[in-house]
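Me: I would like to go through this structure by question and answer, with the terms spelled out as they come up.

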Amino acid sequence: MSAGDTHVNSPEIQRLARVIEPGHSYATVTDKIASIVLTRPTSLGWLAGFSIAFTLMMVLMGSIAWLVTKGVGIWGINIPIGWGFAIVNFVWWIGIGHAGTLISAILFLLNQKWRTSINRFAEAMTLFAVACAGIFPLIHTGRPWMAYYMFPYPSTMGIWPQFRSPLIWDVFAVSTYGTVSALFWFVGLIPDLATLRDRATNKAAQIIYGMLAMGWRGSARHWHRYQSAYLLLAGLATPLVLSVHSVISFDFSIAIVPGWHTTVFPPYFVAGAIYSGFAMVLTIAIPLRKAYDLEDFITMRHLENMAKVMLATGLIVAYGYFFEFFMSLYSGNKFDVFLVQQRLHGPYSSYYYALILCNILTPQVLWFQKMRTNVAVLFVMSLVINVGMWLERFVIVVISLTRDFMPSAWGRYQPTFWDWSTFIGTLGLFVSLLFLFVRALPAISIAEMRELVHTSEDHE
Amino acid sequence: MRGREMHWIRIDRYYDTGLKTQEDTPAENPELANPQTFFQPVPCQQCENAPCEQVCPVGATVHSAEGLNDMVYNRCIGTRYCSNNCPYKVRRFNFLRFQDWETPSLKLMRNPEVTIRSRGVMEKCTYCVQRINNVRITAEKEGENGASRGIRDGEIVTACEQACPSEAIVFGDANNPNNRVSKLRAQQRNYNLLGELNARPRTTYLGAVRNPHPDLAGPEKKEPA
């Protein structure tokens, strides 16, 4: 709580410090959140948005079908650029997921009350982002029907995966991440599912929510066990925030390619992941609170705090960029020095400057509180950072490969229609899942918001 | 071609005008008309400490006991990580199905000892592993008491060695100091490509020593290494 200092009486400070607007009771919180799912009619806006997203998702399905029919040659990859959009998108999506886990697990352990109203949909975002990310390592292989070779199953051939390869570490990191995120999300949903079961008037909804609520009756014993389980899962999810993207960064830092072989990658990738993840949470939260009149629950304090996290992680990322360059020059290694020259003056230098503009220069406006509390500025900023983080992965993955050791083996990369359709298709999948989630499940945790009502009344 | 040509031995070309930087080379510079040319065939270097082997998630590229860097086509799932990590970029990938499997007349054309290329699989120079194995089998058959008689120096002839009219390519067991290849490798002008990366390539090159008549030397200005 920010109480205790002399400025607390200022109405403006109080407005910015609220995690829930005044005047709410247990009943109004429950009504407001549950009504989005149970009683509000499906709006035209929802239908229109879902239709667009669903169409794009079908584009993804079509692109994958064509990919499996023809082969990865429909993409712009070649020798020497063996990894293109697929890996860029994979890293980008996985990174986006990290904010959800940070909000739901780390901020929970740190007892940050402002996480409460955003954790549910941020976790949903994590799950959907991991789903989008998980598609790419599978479909980017030349023979996706053989991709199960990467799992350590008891094979009659007696062959195991090759455990020195970072791609195998990815398999474990991403599958663990997906499993823990899904569990954590579901456990958090149980009391709310019971609320929906009790309030639903439609028989089918009662049965479905009833089955998902797993017999929750809200007894003291239930709550006791639920809270231990939730705490334990938060503890389990916390190291994943750091480990998953560190492992992803090993795909590059373990390799010998100049521009990949960099020890700063694990912390810099984790910071970048949280950076892009918070940007995505804002991209979702701002339209969501507007469309469903949730400004009381997702307050200016939430938006401002997320902006502060973006500013902080953005500075860590800037530090990473700086030291990537510094160490390349300081090493005196001619290939690393050449890489720096290529980033600044090579054929793809415009991407690098766009990346610096999006990720480092523009977000500096977040130093100003006026900007941090301006919803329109925050929304634009979140989109800019999403683009910037995508460019970062593009610069690292693709551009490093265009010119490495031997000039005779240099190449150029040109994405094809299918590169774009697959990427845009995953955006469609992500948004479709979000639309369905908002319509079918409480986007804000009802049970946890009720706890906040209590504390805010004490405070007022 | 978009970087998808499937040859396993790339011929690198280098040109030397004797000028140091690009700024020194305006288009009308007469020295550009007749640069000194160099070329270097670059197949898979069969590295001892191979960067490709460490990153393959399924162990589709592995070391043989004889030191070959073997490619196991039917284990490869096509992540292309090996190619990304190859400093020489000598691996080739079947981005699409490049081979015609249907036309019956083409089936007779193919070498029965070599796997037919299929989509989504990485390929590279194998040091003609099928020829090595043929010679090994012959040596075993001609041996006594079930033991191989041993492979003689020069008995294995790789396809590139066979095709090279100037006999610039020599293949043999580098562990035997009396072999042709070991004697050549013992020369001072023997060098590794990108040796500083410590991949320890098994293919090595001999630097060309040129000593042309000064009137014929053309644009070459520096002492040959």
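Me: How many residue pairs are in polar contact between chain B and chain A?

Reply: This is a predicted model, in which local features need pLDDT of at least 70, side-chain atom pairs count only at pLDDT 80 or more, and totals for chains, interfaces and linings use all residues. Residues are numbered from 1 along each chain as its sequence is written, chains are lettered from A and ligands numbered from 1 in the order in which they are written, and side-chain values use heavy atoms, with hydrogens and water left out. A polar contact is a pair of N or O atoms within 3.5 Å, where within protein one must be able to donate a hydrogen and the other to accept it, and residues adjacent in sequence count only if both atoms are side-chain atoms. With both residues at pLDDT 80 or more, the count between chain B and chain A is 29 residue pairs.

Me: Which element of chain B gives the most residues to the side that touches chain A?

Reply: Helices (H or I, at least four residues) and strands (E, at least two) are DSSP runs, numbered from the N terminus. The elements of chain B that give two or more residues to this side are strand 1 (10-16), helix 1 (51-55), helix 2 (81-84) and strand 5 (92-93). The most, four residues, comes from helix 1 of chain B.

Me: What area is buried between chain B and chain A?

Reply: Buried area is the accessible area (1.4 Å probe) that two parts lose on being put together, summed over both. Carbon and sulfur atoms give 57% of the area buried between chain B and chain A, which is about 3700 Å².

Me: Which residues of chain B lose the most area to chain A?

Reply: Three residues together account for 19% of what the chain B side buries. These are Arg75(B), Tyr81(B) and Arg119(B).

Me: Which residue of chain A meets Lys89(B) in a salt bridge?

Reply: A salt bridge is a side-chain nitrogen of Lys or Arg within 4 Å of a carboxyl oxygen of Asp or Glu, and the count between chain B and chain A is two. At 2.6 Å, N to O, the side chain of Lys89(B) meets that of Asp404(A).

Me: How many residues apart in sequence are the parts that Arg115(A) and Glu448(A) tie together?

Reply: The side chains of this pair meet in a salt bridge at 3.0 Å, N to O. Arg115(A) lies in the loop between helix 4 (85-109) and helix 5 (116-139) of chain A, and Glu448(A) in helix 16 (residues 446-459) of chain A, so the parts tied together are apart in sequence by 333 residues.

Me: Where is the cis peptide bond that ends at Pro80(A)?

Reply: Pro80(A) lies in the loop between helix 3 (44-70) and helix 4 of chain A. The cis bond, with omega near 20 degrees, runs from Ile79(A) to Pro80(A).
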